[in-house]
Amino acid sequence: MSETNRETGYVDYVALLGLPPDFKPGDARRVYRKMMKDLLVEISRTEITEERKNHYLLEIARLNAAFYILRDRERCEKYLADRQEVMALEEEWRAHADAPQQSDLLRRKFDQALRHFLSTYMEELMLEAGRDPECVECSNWDAAHERHASRVLRHYRQRLYQIIHERLLYYDITAPRIDWEERKETARATLDVLSAASGAPASERGAL
Amino acid sequence: MSRTDTPQKKPVTPEQVAEVMAHAVATGDFVNFRFIFAPFSPLRNDSTESLDHPKYAYLLPGSEKSSAFEQALGVVSSPEVLNHVMAQLEKKGPAQYPWQPLLLLADNAVRLGKFTMASQAYELLRIRRRMQELYLEMGDEAIRQGNVSRGVLAYRVACGLDYDYAAFPEPLPAVPNYQHTALILHGDFPENPEQALPLRPETELVRTGLVYLSGNAEIAGRLDAFDHEIRRAVLAEWIRTADGTWSDFAARYREAIRMVDAYNQRVREIVENVGPHAVEMALDPETARLPIQAQVLLSGRTDEHQEWWQCLKELAASHPGGALFVTRAVVAGNREVLLPCYRSDSPLAEMVGLADTKAETRAVV
């Protein structure tokens, strides 16, 4: 697995704003303002559906969070350290996959760190950023956005958790060997069974 | 007082474990499957619970063994699986489930329509999204080939496997919540006929209907790739098949349409002969009750005192598609009720058996 794949899910706010590793808070401010302006222009030109509304709300919240975290030296350093730590814990767990007892311990430690990282930087600070005067000024974020965003952000955090979880080692079940050709056939056969059942009188259809 | 010894529990045999697990797998029962490995499971030798107790009879297969049970027993009895299961039952701490029976359980659960069970099992196997995608692709293929009913079935299975990652405190299988979403659909009172949901342009109604029935805007959005006529046929099929008693509802709906038609005719007569100010006084009590009786028919209850939103919730829970063919209206006595309503220029109502050719009224204003 490449380094990039391993990093998927651990959102990199520095990369999100397209900043160099040695960026200054002023750079973050300049790029953030430009990106937010472009995004708001794009939103104003788009027909907003429920799906797009959630998408744009998340995009605004991500940009706000990136700026809010990166412009403050202390907050930024803590974020980068937490991100490095959780990624290192994943690697450490992978490295000890053959030792069941140690592996279990490391997995729990990693899981705790991951949940903390995601809830802090992908939810709590995103909402906090929406209350920051500078972010409010640039993004027009208000209380109504926050109310709606809380569900969107919870969904976003859990999705990221699932994305990371899906590439990890299996521990709660034995590692499955999935044959996708067989899966296709099974799905096809299942549809045949369900089609036949739905042709029967309503009282015999069961749960369907 | 003498102390009586607790009767010794008979050791659980691998055959018993295999039978119990095969029964859970064959019936697609994810809850029973997990229970097998619980710390207090009667299948653990160190547990005080005994499988011989009548309260655990539900874990055992009946006398008649189905082919699904035989297949499951074959998978569970394989040395690789059974040895692993027995080792997990001896182990302290969280068990590691064997993947082979879990996969079979998920497939059986889909066949039996137990989608929440299936989605939990697929989620544990980390293949839920790909299985969902597989069914969606099959649905698209069937619709492209003109087999709308199979396509809708595949889409409904895919929606059944959906997961709600925003659920609190942990992600859970997503389940339809029509009684809640129908209220959102009718949240704003229609000030004029064009604002009523069933009277909006048909393309808009079809899109809204598909999002509402699928419960997932992303899945419904896939259908945008098809022509409007096909999407309309998909919606009609979805409405009919999402509800086992749709034809009963359709008959009640047509009856309600006739009642509203009679009411509208009388109101029109009064307005033409006397004027709109006289409607309240000139309406006889029997005619004035017609819209309320129509609302009662729609909800399927006998209570005439229900509010419009109570009727809507009843209607949406028992006949989800019905919520797309009703509107809120204020009738004589300044009472807000739920009334049947559909576009006469759209074939949708006829496709789902709601159109009444005898009635004059197609829309309640």
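Domain bounds here come from an automatic or database domain assignment. I am working from a predicted model.

**Entry 1: chain A, overall**

I looked up the domains of chain A first. Chain A splits into domain 1 (3-176) and domain 2 (180-208). I then took the C-alpha centres of domain 1 of chain A and domain 2 of chain A, and they are 40 Å apart.

Next came secondary structure. I find 9 helices and 0 strands in chain A. The pattern along the sequence of chain A reads α-α-α-α-α-α-α-α-α.

How does the radius of gyration of chain A compare with that of a compact globule of 208 residues? Chain A has 22 Å, whereas the globule would be near 17 Å. Along the principal axes, I get a box of roughly 65 × 50 × 25 Å for the C-alpha atoms of chain A.

I checked burial and contacts too. Of the 208 residues in chain A, 43% are buried. I took the contacts in chain A between residues at least 6 apart in sequence, and 76% of these join residues at least 24 apart.

I note an accessible surface of about 11400 Å² for chain A, with 50% of it belonging to carbon and sulfur atoms. Chain A carries 33 positive and 38 negative charges, and I find their mean positions 3 Å apart.

**Entry 2: chain B, overall**

The assignment for chain B gives domain 1 (14-105), domain 2 (128-172) and domain 3 (246-351).

I find 18 helices and 4 strands in chain B. The C-alpha trace of chain B spans about 90 × 65 × 40 Å along its principal axes.

Burial next: I get 52% of the 365 residues of chain B as buried. For contacts in chain B with a separation of 6 or more, 66% come from residues 24 or more positions apart.

I read about 17100 Å² of accessible surface for chain B, and carbon and sulfur atoms hold 52% of it. There are 37 positive and 48 negative charges in chain B, with mean positions 5 Å apart.

**Entry 3: helix 6 of chain B**

How many of the 11 residues of helix 6 of chain B are buried? I find 9, in a helix that runs over residues 115-125 and is mostly covered. Among the buried residues of this helix are B:Phe115, B:Met117, B:Tyr122, B:Glu123 and B:Leu125. B:Ala118, B:Ser119, B:Ala121 and B:Leu124 are also on the buried list.

I looked just past the helix end as well. There B:Arg126 takes a positive phi of about 60°.

**Entry 4: A:Gln162, across to chain B**

I picked A:Gln162, which sits in helix 8 (residues 143-166) of chain A. Is A:Gln162 buried or exposed? I count A:Gln162 as buried because its relative accessibility is 9%, and the cut-off for buried is under 20%.

Which residues does A:Gln162 contact, leaving aside neighbours within four places in sequence? I find B:Glu123, B:Tyr165 and B:Pro171. B:Glu123 returns from the previous entry, where it was one of the buried residues of helix 6 of chain B.

**Entry 5: B:Ser47, in a loop**

I placed B:Ser47 in the loop between helix 2 (30-36) and helix 3 (67-76) of chain B. At a relative accessible area of 7%, B:Ser47 is buried.

Leaving out residues up to four places away in sequence, I find B:Ser47 touching B:Lys9, B:Pro39, B:Phe40, B:Ser41 and B:Pro42. I followed up B:Lys9: it is 38 residues from B:Ser47 in sequence, and the C-alpha to C-alpha distance is 9.0 Å.

**Entry 6: B:Glu202, in a helix**

Last, I looked up B:Glu202 in helix 10 (residues 202-214) of chain B. B:Glu202 is buried too, with a relative accessible area of 12%.

What does B:Glu202 touch, not counting residues up to four places away in sequence? I list B:His228, B:Arg232, B:Ser346, B:Pro347 and B:Leu348. B:His228 lies 26 residues from B:Glu202 along the chain, and I read 9.1 Å between their C-alpha atoms.

Terms used
Residues are numbered from 1 along each chain as its sequence is written. Chains are lettered from A and ligands numbered from 1 in the order in which they are written. This is a predicted model: local features need pLDDT of at least 70, side-chain atom pairs count only at pLDDT 80 or more; totals for chains, interfaces and linings use all residues. Side-chain values use heavy atoms; hydrogens and water are left out. Buried means under 20% relative accessible area, exposed over 50%, partly exposed in between (1.4 Å probe, protein chains only). Helices (H or I, at least four residues) and strands (E, at least two) are DSSP runs, numbered from the N terminus. Contact means heavy atoms within 4.5 Å. Accessible areas come from the Shrake-Rupley method with a 1.4 Å probe; for residues, only the protein chains shown count as cover. Lys and Arg count as positive and Asp and Glu as negative; His and the chain ends are not counted. The place of a charge is taken as NZ of Lys, CZ of Arg, CG of Asp or CD of Glu. The radius of gyration is taken over C-alpha atoms; the globule rule is 2.2 Å times the number of residues to the power 0.38.
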